[in-house]
Amino acid sequence: MDDGGAEEAPAPYVSPRLSHLIKVARRCTVRTNHHATHMATSDAHDDTHRTITTLKSLDSAAAVKAFIEDQRADKGLKWVRVGDQNAVGTVEMGGNPRNALMERVTNMVDAITEREVIEQYGDLDTAKEKLPDNPRDAVSELLGLPADGYDGVDQSTVRELAELAAIRLADADADNGLTIELEDQGIGQAPNDFPDTFLSLHGDNKNSWPFLIGKFGQGGSNSFRFADYTIIISRSHEGGPVGWTIVRENKEHETEDGDIVRAYEYAVRPDGTIPQLPVSAATELEGGGSIVRLVNYYADGFTGRGDDKLKRSNVAGVTKHLLFASVYPIRVEDHRQAEAPHATIKGGRHLLNDSKYVDEVDNDLPDAGMAQGQRTQGVMDVTTDYGDLEVRWWIVDPSQSGQDDKKRDVVERFVDPSQPMVFTLSGQVHHEETKRTLEGNNLGFIKDRLIVEVNFDSLDSHKRELVFSSTRDRALEGEEYDHVKQRLVEAFKTDDQLAALNDYYHEKARSGGESADEANEDLADLMSTFDIEADDIPGLEVPGGDGTRTDGGDGAGGDGSGGDPGSGGGGYVPDPVDDLKPEPTWLEIANPAAERGEAITARQGGTLSLHVRLDAQDRFDERDDVTFTPVFTGATKDAFTQKTRRRLKNGHTYLVFDITDDIDIGTTGEISVRLTWNGGEDSLSNTAAVEIGEPIDRDTGTNQTSGSVSPEIIPHENNGTDVPFSFGEASVVNYIERDDGQRDQVHVALFNENIAPILDKVTRSENVLNRYTREYMAHIAFLATMMQHQDKLDGLDEELRNQYLNQTALTLMQAIAKNVDPTDLA
């Protein structure tokens, strides 16, 4: 294309109403930034200003209690029960703090929508006759946003629009807690309206208006359950005073009849009305709007900092996940950090539509209707008896990001990997379906990289109520849900495009390319444990080997660990630890030198395999709260970089480290292994001395090593004319030395007549096929490397040698297929 003739892209459309709102947002931002200065210079002693400022600063239970006592003494503050005698059950109906928080976010969006409805149409009844009957289309028409998202809207505009609905995080004084403030520039409420809005439990103030999201759901009152205190501040968009109250749980609330009951209660003035501040205090909510501050909110599992990358472990991630196709952008600010990192949340759908993680096909796929380079995403309509479902799907690939991510890591950025199918209504997640829905549909090679949104906006409204619970966290078992799920299963089973893509990913996995990197890592781990030039390496024994087991050697791993049963190669398998327990009671470093009370030798520029022994059952280390942390002290503390930790087996695990070559031989220090679980409440540790030893000798002319440099695995799916094999389909593996200073290569024939039939039968899952291929390539490459560096086979006929390789390869693959650890073949 001639750049000189390129036309300038047209400016994105922004509606007049959207322009107005952005001006409001900018004014709010300026007001927030300069509020403190304004307060100090213009009215520092005004009590009403001080009250609202104090309310917005309360971030601990102690601070709120002190404020309440001050107000009770000065203003006669008292308490009124929220709702009736059944209120506690209603408030506590929802048991998920994430969903309860999203109800508050829903209220912010509805407040902004309702304000626009009033300003554009005058009243809700008129708007009901003219606006679309679903929130997404209504917001689109009200604000001029595209109904399908934010495409075509300048991103700076989206960020500014998000200023109207902000979540701010502050520290709390409770474990697993946050102080969360939600502020919107929406409709706002007059003080006298608080009991029928913020404090209502059974009201129908939204049910009549189809353009509001909160018409379907439990409401924001569920968040009372998870906060020590809830501070509510609001001012009507029409003007007037600012109202405020505080909600708390009281286990000894006294009713008008004198009964003592557990209740949620809110603060009122002596005459029973909501406390209010005169107009002069309205600086914070100049144009109307509301602030809800949740003090010590129980945020177990999502208290992560705003700048960490732990997917749904922080409020921004939770908001992105549960507002998967948000109809309105939300701003999240983390004020626990000095720089107050912030994010504009548009939802997972909008991110995926422009995501670097969505894959692109490598070649034309006519059966899928896709051209080379096209993104792997699509939309399909699923017809049900209750209306049509819009199903969007995306297939992700970690390699597209250029980062060292796994498929599960990428999926978890958007959805729960075990429940990658989300059911949305007005952009909010109401249910998450497990991968089992995709299994059995011949989608085994995309199910672990597939993200699906099922949009229920067009479904019959009554039937929707029979599918979803009001807590927005699950579907209701019943005829309607079963019917919808069955139609989805049929749609996935019969979709030609997804079937063609499944075949495409099957072929990619079958080629071995997907698992080659992991196989190379496994091979490096094997070689880091053993001296491949030694004569006593057992396991997949070569003809003439005596099979003697060894207690390890100094090899590339420094002080031998006695072999790593998790890393393969048929090394010495240590005796199982007796009396294994669900949680350990002791831990020790078990390298032979450490057991002798001597320093463990770590070879300069090599690899150290640290053997850790403990009395924990095998699956203990699969718990999310279990952490093995190595700590180096002394002069060696900067010499080690952890590569991996092998899974716990029979009471043994191994931590593998690279050792820098930029450290003097003879340098000493200590290494400690600290094991923590149960949130750090339980821990064990052990310490051993370590000393940097001589590097492994290398013959640079032949590129031979004793294990510190592993060869590169090259898989071959087809027996072409340019493959480096001599026995056709009977070929197994070929070790090729390089004389150009590059790594040696081990070529693995995945088309082998014994191996290919086994791999071809693996059609259930991409992960299973990758495991078969990875483990087979790593172990057969290790055998080839071991044979290359020993001289026991030099006198064998080539055909006899290949027969031995075929027998060994078949035994190895059969062991892998039966889920037998290849290291147990020793």
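This is a predicted model: local features need pLDDT of at least 70, side-chain atom pairs count only at pLDDT 80 or more; totals for chains, interfaces and linings use all residues.

**A helix and its surroundings**

**Helix H19**

- Among the buried residues of H19 are Asn802, Tyr804, Leu805, Ala809, Leu812, Met813 and Ile816.
- The buried residues of H19 pack against strand E25 (733-736), helix H17 (756-760) and H18.
- After H19 comes Asn819, which has a positive phi, near 60°.

**The nonpolar cores**

- In soluble globular proteins, nonpolar side chains tend to be buried together.
- Here, the largest nonpolar core holds 71 residues, and Val454, Phe456, Leu488, Phe492, Val748, Tyr776 and Ile780 have the most contacts inside it.
- Helix H18 (residues 766-788) gives this core its largest share, 13 residues.
- Domain 2 (355-511) and domain 4 (711-824) each supply at least three residues to this core.
- Tyr776 touches several residues beyond its sequence neighbours, including Val732, Val748, Ala809, Leu812, Met813 and Ile816.
- A second, separate core has 61 residues, including Ile112, Trp209, Val315 and Val358.

**A buried arginine**

- You can find Arg293 in strand E8 (residues 289-298).
- Is Arg293 buried or exposed? Arg293 counts as buried because its relative accessibility is 7%, and buried means under 20%.
- The Arg293 side chain reaches the backbone oxygen of Leu58 at 2.6 Å.
- Arg293 also touches other residues, among them Asp59, Thr179, Glu181 and Tyr229.

Key:
Residues are numbered from 1 along each chain as its sequence is written. Side-chain values use heavy atoms; hydrogens and water are left out. A nonpolar core is a set of buried Ala, Val, Leu, Ile, Met, Phe, Trp, Tyr and Cys residues joined through side-chain atoms within 4.5 Å. Buried means under 20% relative accessible area, exposed over 50%, partly exposed in between (1.4 Å probe, protein chains only). Helices (H or I, at least four residues) and strands (E, at least two) are DSSP runs, numbered from the N terminus. Domain bounds come from an automatic or database domain assignment. Contact means heavy atoms within 4.5 Å. A polar contact is a pair of N or O atoms within 3.5 Å; within protein, one must be able to donate a hydrogen and the other to accept it, and residues adjacent in sequence count only if both atoms are side-chain atoms. Lists of a residue's contacts leave out its neighbours within four places in sequence.
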